[in-house]
Amino acid sequence: FVNALAILIFMAQLPELTNVTWHVYAMTVAGLGIIYLFPLIPVIGKSVPSPLVCIVGLTLFAVYMGLDIRTVGDMGQLPDTLPIFLWPEVPLTLETLMIIFPYSTGLAVVGLLESMMTATIVDDLTDTQSDKNRECKGQGIANIGAGLMGGMAGCAMIGQSIINVKSGGRGR
C-alpha cells in the first residue's frame with residue numbers, strides 16, 4: 001500500500017521535471033544533497049530539520065538569483081479569501097445516499113486504516129501510546145467539518161509523519 005502510494009506520488013511529480021530548464025535539475029540535486037547530508041553536520045545537523053533548511057535555503061537562492069523555476073502560483077490561481085461555511089446543494093434522498101455510500105465508505109476505510117497504521121508506527125518510533133479511538137473520532141469530525149467548508153477529506157500519512165519524527169518532532 002505504502003509502496004504503491006510512493007510510486008503514484010513519484011509518477012505525479014515526473015511532469016514537473018520534463019521540459020524545464022537545467023536550473024530545475026540542479027536545484028533538485030542540491031535539494032536531495034541538503035536533505036541527506038545536512039543531518040551529518042555534527043552540532044546543528046540534528047537540531048534543525050534538513051527539509052526545512054532545504055526549502056528555505058533553495059527558495060532564498062532561487063529568488064536572489066532570479067532563476068526561471070515554476071512555482072505553485074504558475075500552476076493556477078490561488079484563492080484570496082477564507083473559506084465559507086455552506087451546506088452542500090445535494091438532495092438528501094435515498095437515491096443520493098445509494099450513489100455516495102460505496103465511495104464514502106471506501107474513502108473512510110482507507111483513511112482510517114492509514115491513520116491507524118501511522119499511529120502505530122509513530123507510537124513505536126516515539127515510545128508513546130496514542131488513543132486510537134480518539135484519533136478515529138477526531139478524523140471523522142474534522143472530515144465532516146472540512147466538507148462543510150469546501151475542503152477535502154484527509155487522514156494521517158505515514159511518510160510525512162515519519163519525516164516529522166526523524167526531523168525531531170516529538171508531539172502529536
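User: Why is Arg-70 called partly exposed in this model?

Analyst: The model is predicted, and in it Arg-70 has a relative accessibility of 48%.

User: What makes Arg-70 and Glu-16 a salt bridge?

Analyst: Their side chains meet with N and O at 3.7 Å. The cut-off is 4 Å between a side-chain nitrogen of Lys or Arg and a carboxyl oxygen of Asp or Glu, so the pair qualifies. Arg-70 lies in the loop between H3 and H4, and Glu-16 in the loop between H1 and H2, so the pair ties together parts that are 54 residues apart in sequence. Glu-16, at 27% relative accessibility, counts as partly exposed.

User: How many salt bridges does a search of the whole structure find?

Analyst: The search finds 2 salt bridges. Besides the pair of Arg-70 and Glu-16, there is one between Lys-132 and Asp-123.

User: How do you know that Lys-132 forms a salt bridge with Asp-123?

Analyst: The closest N and O atoms of Lys-132 and Asp-123 are 2.8 Å apart. That is within 4 Å, so the pair is called a salt bridge. Side chains of opposite charge can pair when their charged atoms come close.

User: Are Lys-132 and Asp-123 buried or exposed, or in between?

Analyst: Lys-132 has a relative accessible area of 25%, so it is partly exposed. Asp-123 is at 6%, which is under 20%, so Asp-123 is buried. Asp-123 lies in helix H4, residues 94–126.

User: What makes the pair of Asp-123 and Ser-130 a polar contact?

Analyst: The side chains of Asp-123 and Ser-130 come to 2.9 Å. The limit for a pair of N or O atoms is 3.5 Å, so this pair is within it.

User: How do you know that the length of helix H5 agrees with its number of residues?

Analyst: Helix H5 covers residues 132–148, which is 17 residues, and at 1.5 Å a residue it should span 24 Å. The end C-alpha atoms are 25 Å apart, so the two values agree. Just after H5, Gly-150 takes a positive phi of about 85°.

User: Why are the buried residues of helix H6 placed on the same side?

Analyst: In H6, residues 158–166, the buried residues named are Ile-158, Ser-161 and Val-165. They cover an arc of only 70° around the axis, so they lie on the same side of H6. An α-helix has 3.6 residues a turn, so residues three or four places apart point the same way.

User: What makes Leu-58 and Ser-50 count as buried?

Analyst: Leu-58 has a relative accessible area of 15%, which is under 20%, so Leu-58 is buried. Ser-50 is at 8%, so Ser-50 also counts as buried.

Conventions. Residues numbered from 1 in each chain as written. Predicted model: local features only at pLDDT ≥ 70, side-chain atom pairs only at ≥ 80, totals over all residues. Heavy atoms only, no water. Helix = DSSP H or I, 4+ residues; strand = E, 2+ residues; numbered from the N terminus. Buried < 20%, exposed > 50% of the residue type's maximum accessible area, 1.4 Å probe, protein only. Polar contact = N/O pair within 3.5 Å; in protein donor to acceptor, adjacent residues only side chain to side chain. Expected span 1.5 Å × (residues − 1). Arc of directions from axis to C-beta.
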